[in-house]
Amino acid sequence: MSNIKIDFKSVYYPSPIVLVGAMVDDRPNYMTAAWFTKVHNTPPMIAVSLGSGHFTVKGIRANKTFSINIPEALIIEKTDYCGLVSGKRVDKSDLFTPFYGQTDSAPMISESMISMECTVSEIVSLPQDDLVIGTVVETYANEKYVSGECIDPHKAVPFCYVSQEKKYFGLGRALGAARSIGKKLIQK
Ligand SMILES: Cc1cc2nc3c(=O)[nH]c(=O)nc-3n(C[C@H](O)[C@H](O)[C@H](O)COP(=O)(O)O)c2cc1C
C-alpha cells in the first residue's frame, strides 16, 4: 500500500460549520463558513477565512466587528441557505432572531448553540480570501442546550461539514478519550 498524490481540494477533512454575522448597510447579514477555527485561548481568538467579495466581509471591514455562531441541527436548513445566497441580492436579516452584546454592531443568532461576539484583530489578505482573525469579546450559549456551564450533547445536536461528500454529518460514536488514549505510547 502506498500513498498517492491527490488534489488539495480533495483532502477529506470534516470541518466545523459556523454562521458569520455582520452588520452590512444597517442590516444584519449572515454567511456560512467551514474554514473556521479557534486559534488562541487567552485572550480568546478565532480565525475564519472568507472570500473577499462576500457581502459579509464588507460589513466586517466597515465595523471591525462580527459574530461567529455555531448552529444546532434545528437550523440546518437556514445554515445551508446562508451559504447559497448572498446578501448582495437577498435580504437575510429576518432569518434569525438577532441579539447584541457590547459592540452593538455584531448581530448574534439567538437560535444557535453558541455565539461569539468578536472584534477584528487583523485581516490577512490571501490571494482570493480574507483570513479574518478576531478577538472574542464575549461568548454566549443558548440556555436550551446547556447543563451546568457547558453545552450538553444530550440536549444539542451539533453537526459538521464534509465537502467531499457535499453533506452535513452529526457526531458519531466516541472513539477514544482525548489527551489520554495516547498515554500508553509514552516511553517510561
Ligand atoms: C457548507 C458551506 C460552507 C461554506 N464555507 C465557506 C467558507 O469557509 N468561506 C467562504 O468564504 N465561503 C464559504 N461558503 C460560501 C458562502 O457562505 C456563500 O458564498 C454566501 O452566499 C456568502 O454570503 P454573503 O455574500 O451574504 O456574505 C460556504 C457555503 C456553504 C454552503
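Let's start with a strand pair: β13, residues 159–162, and β14 pair antiparallel over four bridges. Strands here are DSSP E runs of at least two residues, helices are H or I runs of at least four, and both are numbered from the N terminus. Pairing requires at least two DSSP bridges between the strands. Within this pair, Cys 160 sits opposite Phe 169 of β14.

A word on the source. This is a predicted model: local features need pLDDT of at least 70, side-chain atom pairs count only at pLDDT 80 or more, and totals for chains, interfaces and linings use all residues. Residues are numbered from 1 along each chain as its sequence is written.

Back to the sheet. It is open and antiparallel, with three strands in the order β1-β13-β14. β1 (15–16) and β14 (167–170) are the edges, each with a single partner strand, so one side of each has no neighbour in the sheet.

Now α1. Which of its residues are buried? Thr 56, Val 57, Gly 59 and Ile 60 are. Buried means 20 or more other C-beta atoms within 10 Å of the residue's own, with C-beta atoms placed from the backbone. Down the axis of α1, these buried residues fall within an arc of 160°, so they line one face of the helix. That arc is taken over the directions from the helix axis to the C-beta atoms. Just after α1, Lys 64 has a positive phi of about 60°.

Last, the ligand. By class, its shell has ten nonpolar, nine polar and two charged residues. Nonpolar covers Ala, Val, Leu, Ile, Met, Phe, Trp, Tyr, Cys and Pro; charged covers Asp, Glu, Lys and Arg; the others, Gly among them, are polar.

Terms used
Buried ≥ 20, exposed ≤ 12 C-beta atoms within 10 Å, placed from the backbone.
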